[in-house]
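Please have the sequence and the structure before you while I speak.

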Amino acid sequence: MKVNTLNDFINRIPKAELHVHIEGTFEPELMFALAKRNDITLKYASVEELRKAYRFNNLQEFLDIYYEGANVLIQEQDFYDLTIAYLEKCRDENVVHTEMFFDPQTHTHRGIALETVISGIQNALDDAKKNWGITSCLIPNFLRHLSEDDAIKTFNEALEFRELFAGFGLDSSELGHPPAKFERLFRMVNDEGFRAVAHAGEEGPAQNVWDALQLLKVIRIDHGVRSVEDEVLLKELVQKQIPLTVCPLSNLKLKVVQKMEDLPLKTLLENNILATINSDDPAYFGGYINDNYKAVAEALDLGEKEMITLAENSFKASFLSQQEKEKWLKTIEKIYTDFY
Ligand code: HPA
Ligand code: ZN
C-alpha cells in the first residue's frame, strides 16, 4: 500500500492521546502573539529565530527553552487559547480522547494562581467536549528538579480542584532526580485515591521504571522505552498490565534514540507490552500525533495492522470507563473490517 494511503488510514482511525504536556503545544506563532498581548519581550526576534533554537542534544536543553516559553502565559485567556489550539489539532487528527499533563509549579512559581491556570485549561476542554465531542482529563505533573516538599505543597493546593484530576504525574529532569526522591509525595497521591503515573526510563535507566512501579506505585509509565534493557522488567510490565506512553518524535529530537529505526517499539509490541503512541511536546518536536504514527510506520516498516493495534492500545491504556473503551474499540474494528 502506498504511503499516501497509509497516511489517510492513520488520519481516519480514532485515537486517544495519553502523553501530551499542554505547555509543550505552545506554537511559536501563538507565543509571539501572547507575548505581545502581555507586553513581554521574547529573547528571539522572530518566529523563525525561535524555531531555529529548537535543536536539542538532550532533555535538559529542551526543558530550559520549554520553561522559558511558558513565561509568556499569564492570563486565564492565555491558557484557554493555548489549550483550544491543541484541541483543534485533536479534532483535525481524529484524537477523540486526550489525557493532558500540565505543570502547576511552572506557573505558581511565577506568581500565577493555580485557579487561573486550571480555569483557562478546563474551559477549553469543556468547549471541545461541547463542540467536537472530544473527551479529556487532566493530570498535573510535579517537577522532579524541585524539592519533594515543594511538590507536596503543590499537591495540597491542587486538592481544591481534585474532581478535575484523573491522577498525578512526575516530569522534568530524570537524571539526578530518581523516583525515590518522591516516595512520600506519591504515598499521599495514592492514599488520596488518585491514579499515579510518572516519566521514567526516558533518559534514565530501566531501574527508574522499577522504582516508579515499586516505590511510587504508578499504574502507567510515561516513555519507559529503556525498559527493553531489562527482560525481567518487560515480563513485569506485561503481567501487571502497565502501559507505556511512547513518544517517538520526542525520543528522536531529544536523542534518546539516534535514529527512528532505533526506537524499540517492535520489541515492546512483540513482548505484548501495551505500548501507545503520543506527541509529548508537539510544538517543539516537529509533529502532532498523526506525524508520530507516520514516523514509526515509515521507520519501522509498520502497516495498517500495527497502526490499528497502537490505536487500540491507546484506548485500552486510557483512564476511560470500560464502556467507553469498548465503544471505541468497536469503532476501530469496523474501520479495519471495512478496509479489508
Ligand atoms: N520528559 C520530562 N519532562 C518533560 C517532558 C519529557 O519528555 N516534556 C515536558 N516535560
Ligand atoms: Zn513528557
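Cys137 has a relative accessibility of 14% and therefore counts as buried; buried means under 20% relative accessible area, exposed means over 50%, and partly exposed lies in between, with a 1.4 Å probe and protein chains only. Where is the closest cysteine sulfur to that of Cys137? It belongs to Cys90 and is 12 Å away, which is too far for a bond. A disulfide is a covalent bond between the sulfur atoms of two cysteines. Here, a disulfide is counted when a pair of cysteine sulfur atoms lies within 2.5 Å. By this rule the count is 0 disulfides. Cys90 is accordingly in no disulfide, the nearest cysteine sulfur being that of Cys137. Cys90 is also buried, with a relative accessible area of 2%.

Before I continue, a word on the basis of these values. This is a predicted model, in which local features need pLDDT of at least 70 and side-chain atom pairs count only at pLDDT 80 or more, while totals for chains, interfaces and linings use all residues. Residues are numbered from 1 along each chain as its sequence is written, chains are lettered from A and ligands numbered from 1 in the order in which they are written, and side-chain values use heavy atoms, with hydrogens and water left out.

Let me turn to the whole chain. How many helices and strands does the protein chain have? There are 17 helices and 8 strands; these are DSSP runs numbered from the N terminus, helices being H or I with at least four residues and strands being E with at least two. Because the chain has 340 residues, a compact globule would have a radius of gyration near 20 Å, and the value of 19 Å for this chain agrees. That radius is taken over C-alpha atoms, and the globule rule is 2.2 Å times the number of residues to the power 0.38. The C-alpha trace spans about 55 × 40 × 40 Å along its principal axes.

Of the 340 residues, 58% count as buried. The protein chain exposes about 14200 Å², and carbon and sulfur atoms supply 47% of that area; accessible areas come from the Shrake-Rupley method with a 1.4 Å probe, and for residues only the protein chains shown count as cover. A contact means heavy atoms within 4.5 Å. Among contacts between residues at least 6 apart in sequence, 76% join residues at least 24 apart.

Next, helix 10, which covers residues 206–214. Is this helix mostly covered or mostly uncovered? It is mostly covered, for 7 of its 9 residues are buried. The buried residues include Trp210, Val209 and Leu213, and also Asn208 and Asp211. Their cover includes strand 5 (195–200), strand 6 (220–223) and helix 11 (231–239). Helix 11 is also the place of Lys235. At 59% relative accessibility, Lys235 counts as exposed.

Leu50 lies in helix 3 (residues 47–52), and at 3% relative accessibility it is buried. Which residues does Leu50 contact, leaving aside neighbours within four places in sequence? They are Pro28, Met31, Phe32 and Tyr44. Glu312, in helix 16 (residues 304–316), is partly exposed, with a relative accessible area of 21%. Not counting residues up to four places away in sequence, Glu312 touches Leu329 and Ile332. The C-alpha atoms of Glu312 and Lys130 are separated by 24 Å, and these residues are 182 apart along the chain.

Most residues other than glycine have a negative phi. Asn94, however, has a positive phi of about 65° although it is not a glycine. Asn94 lies in the loop between helix 5 (76–93) and strand 2 (95–102), and at 25% relative accessibility it counts as partly exposed. Ser172 likewise has a positive phi, near 80°. Its place is the loop between strand 4 (167–171) and helix 9 (183–191). Is Ser172 buried or exposed? At 5% relative accessibility, Ser172 counts as buried.
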